[in-house]
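Please work through the following exercises with the model displayed. Each task is followed by a solution in steps.

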Amino acid sequence: YEDIGLDDNWQLCQKGASGSFHDENGRPLLNKNRFWDMKGMVDTIHGYGLKAGWYHNNCICPEHDASIWNGTAHYEGDVAATVEYGFDSVKLDGCGKFWDLGLWYDLFKKKGRPMM
């Protein structure tokens with residue numbers, strides 16, 4: 001194995017802006033009861049020589065109303081958190097509305113952090 005992926009249940013469903021799992025600045029809200037140290041978890045995974053992935057467009061609490069975000073705040077918040085915690089890849093699927101792969105690419109590129 002080379003990768004470990006964190007799927008659903010890391011987020012605080014409906015606790016953020018407009019019932020989302022993001023704060024008013026677009027940062028994802030973590031379920032600290034389950035994931036109290038996201039960076040520490042990713043560092044531990046890296047310590048085993050593995051890569052860590054993070055599921056963004058999740059199905060447990062999908063955000064179907066893309067209009068709640070002002071511009072690209074949601075994307076920018078997710079990218080900032082992904083880089084801050086040290087994840088190596090992201091998973092996106094059809095459960096949410098944030099599918100602009102070009103924007104995801106551009107934002108990660110600006111951060112200097114290529115994604116798998």
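The model is predicted: local features require pLDDT of at least 70, side-chain atom pairs count only at pLDDT 80 or more, and totals for chains, interfaces and linings use all residues. Residues are numbered from 1 along each chain as its sequence is written, and side-chain values use heavy atoms, with hydrogens and water left out.

**Exercise 1. Fold and overall dimensions**

Determine the order of the elements from the N terminus on, and compare the radius of gyration with the globule rule.

Step 1. The protein has three helices and three strands (DSSP runs numbered from the N terminus: H or I of at least four residues for helices, E of at least two for strands). From the N terminus on, their order is β-α-β-α-β-α.

Step 2. The radius of gyration (over C-alpha atoms) is 13 Å, close to the 13 Å from the globule rule (2.2 Å times the number of residues to the power 0.38) for 116 residues, so the protein is as compact as a globular protein of that length.

Step 3. Along the principal axes, the C-alpha atoms fill a box of roughly 40 × 30 × 25 Å.

**Exercise 2. Burial and contacts**

State what share of the residues is buried and what share of the contacts joins residues at least 24 apart.

Step 1. Of the 116 residues, 41% are buried (under 20% relative accessible area, with a 1.4 Å probe and protein chains only).

Step 2. Taking contacts (heavy atoms within 4.5 Å) between residues at least 6 apart in sequence, 77% join residues at least 24 apart.

**Exercise 3. The helix α2**

Check the length of α2, then describe its burial and packing.

Step 1. Ten of the 13 residues are buried, so α2 is mostly covered; among them are His74, Tyr75, Asp78 and Tyr85.

Step 2. These buried residues pack against α1 (38-47), β2, β3 (89-91) and α3 (101-110).

Step 3. Just after α2, glycine 86 adopts a positive phi of about 90°.

**Exercise 4. Glutamate 63**

Step 1. Serine 20 is 43 residues away along the chain, yet its C-alpha atom is separated from that of glutamate 63 by 6.1 Å.

How values were computed
Buried < 20%, exposed > 50% of the residue type's maximum accessible area, 1.4 Å probe, protein only. Expected span 1.5 Å × (residues − 1).
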